[in-house]
Amino acid sequence: MATRTQIFREILREYDSLRTKKAAELRERRAVLFERMPRLAEIEQEMALLGTKTARLVLQGEGDALALLGSLKEGQKALEAERRALLSTNHLTPEFLEMEFACPKCRDTGYIGTEQCICLKRKLMDRLYDQSNVRDMIQVENFDNFNFSLYSTEKTKEEGISPKANAKKLYRRALAFVEDFGNGANLLIYGGTGLGKTFLCNCIAKDLLEKGNTVLYLTAGQLFRKLEEQRFHRDDDEEEAKEWDQELLEAELLIIDDLGTEFSTIFTASELFRIINDRKLAKKAVVISTNLGPTELMNLYSDRITSRFFGEFEQMKFFGEDIRIIKKYQR
Ligand SMILES: [Zn+2]
């Protein structure tokens, strides 16, 4: 298993080689273009000359500095216009002569000043916790594709509304969660299997990722495996374990999908509550989906833990028939 530091270095190396590659492409692009249109190269030289000439004159105190700078600007403008016109005859824009970045915000360095850019944070999270499956899934499962027609319109006695009306209510709540993201809300999405809990988690993940937030999406299985691994390695390298933990804390949203009874060892339970608590202190949101109802959760964990736990989460209950089965027969 690669350590976090190794992964981190690997990512920084990738930024490096990406920039090197893009710079080489740019040189190549410019060389070809300048050969075809030598005037473009001249324009660049003239621009540079104009700048140094003006600077020299200003420094030597020859003439009025403001007037000099004014004529510099005008000269540059004229050259730029000429360049733009030349390029457009070839259906090109001035950007063609400049470096292109996969992430213009950090210019593919991973950093904005001393702050990590969101693209670096995402890469780290993706690499540390394999998130590629989620990336694929949210292409299909998102707010635009939520299908209410799979839910029954018949009111149930216990709930007083139909599964469809309920699904719509939960859908709107999830949308609002995304819109007001960061206001301290946590969601506990629960109900039987195949009712759309994971789908709703994916909707939330997709929209927040698009809004530029960092989202760490883990199934309970993945999370607890990782924590077990970490515990196992803790004695070898405590620093390393702490670093892994940091990612769990730093993501703006942590989604724990499919929390079930199979994960209720004393270790996993205490780790789960530790994570939730740490994130609460850091004012970071958590969304949990589970097929366990409040009573089952109470039975599984101690009252003290569950009551505190429920206090932190807004409960969103799905009910009705398994829509995955309905979907299957509709095909
Ligand atoms: Zn970036």
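The model is a predicted one, in which local features need pLDDT of at least 70, side-chain atom pairs count only at pLDDT 80 or more, and totals for chains, interfaces and linings use all residues. Residues are numbered from 1 along each chain as its sequence is written. Helices (H or I, at least four residues) and strands (E, at least two) are DSSP runs, numbered from the N terminus.

Helix α6 comprises 17 residues (163-179), which at 1.5 Å a residue should span 24 Å, and its end C-alpha atoms are 24 Å apart, in agreement; the expected span is 1.5 Å times one less than the number of residues. Pro163, Asn166, Ala167, Leu170, Ala174 and Phe177 of α6 are buried (20 or more other C-beta atoms within 10 Å; exposed, 12 or fewer; partly exposed, in between; C-beta atoms placed from the backbone). Viewed down the axis of α6, these buried residues lie within an arc of 100° and so line one face of the helix, the arc being that of the directions from the helix axis to the C-beta atoms. Arg172, Ala176 and Glu179, on the other side of α6, are exposed.

Most residues other than glycine have a negative phi. Histidine 91, in the loop between α3 (65-89) and β1 (111-112), has a positive phi near 55°. Histidine 91 is exposed, with 7 other C-beta atoms within 10 Å. Aspartate 258, in strand β5 (residues 253-259), also has a positive phi, about 65°. Aspartate 258 counts as partly exposed, with 19 C-beta neighbours inside 10 Å.
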